[in-house]
Amino acid sequence: MCQNKGYAASLELRKLYQVVADATAAKLGQIRVIDESGEDYLYPEEYFVPVQLPQAAEKAVRRASGVRG
């Protein structure tokens, strides 16, 4: 299920977003995501579907987005 009700300005549907580890947020059913503003915010985790990319694809996505790691 993909939603952005209330967040239309900061989330794009069907887009990959980087998640920042936050154990406290996870306990509350939320995840910390770097959104369109370039800042990290908490969102309900049911708004997202986790994906695992093959290592080569992940590197290509990070290069294209300017994210190091």
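1. Confidence of the model. The pLDDT is the predictor's confidence in each residue, on a scale from 0 to 100. The structure under review is a predicted model, and the mean pLDDT of its protein chain is 84, with 83% of the residues reaching 70 or more. Among the elements of secondary structure, helix α1 has the highest confidence, at a mean of 97, whereas helix α2 (residues 55-65) has the lowest, at 88.

2. Overall architecture. The protein chain contains two helices and three strands. Read from the N terminus, these elements follow the order β-α-β-β-α. Of the contacts in the chain with a separation of 6 or more, 32% are between residues 24 or more positions apart.

3. The sheet. The three strands form an open sheet in the order β1-β2-β3, with antiparallel pairing. Strands β1 and β3 stand at the edges and have a single partner strand each, so one side of each is left without a neighbour in the sheet. Antiparallel strands β1 and β2 are joined by two bridges, and here V20 stands opposite R32 of β2. The pairing of β2 with β3, also antiparallel, extends over five bridges; V33 stands opposite Y41 of β3.

4. The hairpin. Strands β2 and β3 form a hairpin with five residues between the strands, and in this hairpin G38 takes a positive phi near 90 degrees.

5. The nonpolar core. Nonpolar side chains tend to be buried together in soluble globular proteins. In this model the largest nonpolar core has seven residues: L11, Y17, I31, V33, Y43, Y47 and F48. The contacts of Y17, leaving aside neighbours within four places in sequence, include the core members L11, V33 and F48. Y17 is also in contact with S10, E12, I34, D35 and E36.

6. Salt bridges: the pair E36 and K15. Side chains of opposite charge can pair when their charged atoms come close. The whole structure holds four salt bridges. One of them joins E36 to K15, with the closest N and O atoms 2.8 Å apart. E36 lies in the loop between β2 (30-34) and β3 (40-44), while K15 lies in the segment before β1 (19-20), so this pair ties together parts that are 21 residues apart in sequence. E36 is partly exposed, at 32% relative accessibility, and K15 is likewise partly exposed, at 39%.

7. Salt bridges: the network around R32. Which residues are linked in a network of salt bridges? They are D22, R32 and D40. R32 forms a salt bridge with D22, whose closest N and O atoms are 2.8 Å apart. This pair links distant parts of the chain, since R32 is in strand β2 and D22 is in the loop between β1 and α1 (23-27), 10 residues apart. R32 also forms a salt bridge with D40, the closest N and O atoms being 3.0 Å apart.

8. Burial and surface. The protein chain has 69 residues, of which 17% are buried. The chain exposes about 5400 Å², and carbon and sulfur atoms supply 54% of that area.

Notes
Residues are numbered from 1 along each chain as its sequence is written. This is a predicted model: local features need pLDDT of at least 70, side-chain atom pairs count only at pLDDT 80 or more; totals for chains, interfaces and linings use all residues. Side-chain values use heavy atoms; hydrogens and water are left out. A nonpolar core is a set of buried Ala, Val, Leu, Ile, Met, Phe, Trp, Tyr and Cys residues joined through side-chain atoms within 4.5 Å. Buried means under 20% relative accessible area, exposed over 50%, partly exposed in between (1.4 Å probe, protein chains only). Contact means heavy atoms within 4.5 Å. A salt bridge is a side-chain nitrogen of Lys or Arg within 4 Å of a carboxyl oxygen of Asp or Glu. Helices (H or I, at least four residues) and strands (E, at least two) are DSSP runs, numbered from the N terminus. Accessible areas come from the Shrake-Rupley method with a 1.4 Å probe; for residues, only the protein chains shown count as cover. Two strands pair if DSSP finds at least two bridges between them.
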